[in-house]
Amino acid sequence: MEILMSITVGVLFMVGTYLILTKSLLRLVLGLMLLSHGAHLLLLTMAGLKQGSPPLLGEEAAYYADPLPQALILTAIVISFGVTAFLLVIAYRTYKEHKTDDLDKLRGSADE
Amino acid sequence: MNNLVILPILIPFIVGVLLIFFAKQHGIQRFISGLTSLFLLGISIYLAIYVYQEGIQTVALGSWQAPFGIVLVADMFATMMVILSSIVGVVCLFFAFQTISSEREKFYFYPFYFFLITGVNGAFLTGDLFNLFVFFEVMLIASYVLIVMGGTKYQLRESLKYVAINIFASILFIVGVAYLYAATGTLNFADLAVRVAELEQQGVINAIAILFLLVFGMKGALFPLYFWLPRSYYGPPAAIAALFGGLLTKVGIYAIMRTFTLIFTHDPGFTHNIILALAGLTMFFGVLGAVSQFDFKRILSYHIISQVGYMVMGLGIYTQLAIAGAIYYIAHHIIVKAALFLFAGATQKITGTTDLKQMGGLLKTHPWLAWMFFISAMSLAGIPPLSGFFSKFALILSGFEEGRYIIVTVALLVGLLTLFSMMKIFIYAFWGEQKHSETQAKQKIGSLLVPIIPLVALTIVLGFAAEPIFQYSLQVADQILDPSIYINSVLKE
């Protein structure tokens, strides 16, 4: 299971990197979203996908799942959700002001 | 357990929330925020004195003991940084009262200002890696808003890049956290320090260390990763640029110093030599950028890069004297850089431009501004008896002691070029023909100078009282070079 997840993470990173390197503004945003999904999955995978029961005191199971990665991912997902929303707004406003979504045209020169 | 530690995070957070409700009433906003920032400064000084006398203070949040719960740790280094952030917070706020436009005030300038300080103080005081990430994000989200506030074409374009780059760095941060958790099974700094020392596979830890160096280097504008800084810091008004220039990159540097003195100390021959090489390149290329520019704010932005190099150089040499020099340098640089950005704001208010070629003759019409700028500029360039000299002196001396002659040569050369580019600002903006009109010349800027005076005074005091302050930074260096003090005070409560 860990191997499969690692491959998934790799594919997400690959696609995310490809999208970031394209010229379109919207693809940049999508690429960053995919990369952050990949990072969250990596966090879950790296902690080990155990088959234990939920970490509650009354369970009295032989194995417990590690609750920490879930807590970390939850926080990271909330943060990336908020930041992505903000990034979309900035991207939209930039598109409206500059009338282009081509990242090459958003370079700007030194003397302005 | 000491609940005092949480106050520098809690106060700005609560006040920031409170200020959202007063977004349309400028008077109340200013009153509350001014009072709070002064109160915060008092609290942080009290905390620093307390930590100095009583040793490292920790809080286990919700009484979940380390390494399982979240801890906040206030050691001498952290409290010193909190004091510096409070000082910059106060002066930039009082400068902002006079220069920030009322549109910005209406669109939640003050709440985000305090959220930024929440994030910065949190990053200094946190005791585990994931909360460092969270406070980095709090700080960064506030900084995104402050940097784009105003929404001009230039600001939107550059802050889009700033946001994108920082999101990318944050993603790498999570990746680093994931790998480190896989390797050690903990995220608490003190516990990590113990377990990394026990771990036998050093190659994995080296790889993770470089990943973290990459992440923090991106936030702290180290050599190959500084390209975003000059342009994004050019956009916002002077009060915000001063806050960013003084504080934001230093949070990255703080994180580098914290992790590479506490956690990744297993193989200094590898990691710290890389840091030293990066420091030299950062200094050199940063100052080259500054020399090539002809704009007040751009020169200052490039200087941030080159001076970040000095701080990291202290870490790279990795002796007590070098670390003390780096700590002294951080204190000096936060104060002077904030002052210089505020000077840029004051001159911009008079002449209406930051282009050096369109300025001139300010020395005649505004002598106080000119001479105070001169003091700060000389301090930045490292002319004795100002604070810049003593911090650089310690760094260079320790470089000689360790036989690192290349980095010392680079540092001295960069100091010379810094002097050159600061003189360029002085000659173009303050000397020569008066290029601003008579009505501009009659402008009174006395009230604008009031927030800057404490900073200029501080850089003089830091220079003249070099002996006690250097003793203090030596003690800070002692504390961070001996991780067992930190580990004991966190894990053995």
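The structure described here is a predicted model, and within it B:R104 is placed in helix α4 of chain B, which covers residues 102-106. When residues up to four places away in sequence are not counted, B:R104 touches B:F109, B:M149, B:G150, B:Q155 and B:P237. The C-alpha atom of B:R104 is separated by 34 Å from that of B:I460, a residue 356 positions away along the chain.

A polar atom of the side chain of B:S391 lies 3.2 Å from the backbone oxygen of B:S387. Leaving aside neighbours within four places in sequence, the residues in contact with B:S391 are B:G325, B:Y328, B:Y329 and B:H332.

The surface of chain B was also considered. A nonpolar surface patch of about 850 Å² is formed there by B:L10, B:F13, B:I14, B:V17, B:L18, B:I20, B:F21, B:F107 and B:Y108. One of these residues, B:V17, is found in helix α1, which spans residues 7-20 of chain B. B:V17 counts as partly exposed because its relative accessibility is 34%, a value in between the limits of 20% for buried and 50% for exposed residues.

Most residues other than glycine have a negative phi, and most peptide bonds are trans. B:A221, although not a glycine, has a positive phi of about 60°, and this residue lies in the loop between α9 (202-220) and α10 (229-234) of chain B. With a relative accessibility of 0%, B:A221 counts as buried. A positive phi is also found in B:Y318, again a residue other than glycine, where the value is near 65°. B:Y318 lies in the loop between α13 (296-317) and α14 (320-351) of chain B, and at 23% relative accessibility B:Y318 counts as partly exposed. As for the peptide bonds, B:P384 and B:P385 are joined by a cis peptide bond, with omega at about 5°.

The contact between the two chains was described last. The size of an interface is often given as the accessible area lost when the parts come together. Between chain B and chain A the buried area is about 2,900 Å², and carbon and sulfur atoms give 79% of this area. In chain B, the residues that lose the most area to chain A are B:R157, B:L160 and B:Y181, which together account for 22% of what that side buries. Counted by residues, 31 residues of chain B are in contact with 35 residues of chain A. Zero salt bridges are counted between chain B and chain A, whereas six residue pairs, both residues being at pLDDT 80 or more, are in polar contact. On the side of chain B that touches chain A, the elements giving two or more residues are α6 (129-148) and α7 (153-184) of chain B. The largest share of that side comes from α7(B), with 19 residues.

Definitions and conventions: Residues are numbered from 1 along each chain as its sequence is written. Chains are lettered from A and ligands numbered from 1 in the order in which they are written. This is a predicted model: local features need pLDDT of at least 70, side-chain atom pairs count only at pLDDT 80 or more; totals for chains, interfaces and linings use all residues. Side-chain values use heavy atoms; hydrogens and water are left out. Patches are made of residues with over 30% relative accessible area and no salt bridge: like charges are joined within 9 Å, nonpolar side chains (Val, Leu, Ile, Met, Phe, Trp, Tyr) within 5 Å. Accessible areas come from the Shrake-Rupley method with a 1.4 Å probe; for residues, only the protein chains shown count as cover. A salt bridge is a side-chain nitrogen of Lys or Arg within 4 Å of a carboxyl oxygen of Asp or Glu. Helices (H or I, at least four residues) and strands (E, at least two) are DSSP runs, numbered from the N terminus. Buried means under 20% relative accessible area, exposed over 50%, partly exposed in between (1.4 Å probe, protein chains only). A polar contact is a pair of N or O atoms within 3.5 Å; within protein, one must be able to donate a hydrogen and the other to accept it, and residues adjacent in sequence count only if both atoms are side-chain atoms. Contact means heavy atoms within 4.5 Å. Buried area is the accessible area (1.4 Å probe) that two parts lose on being put together, summed over both.
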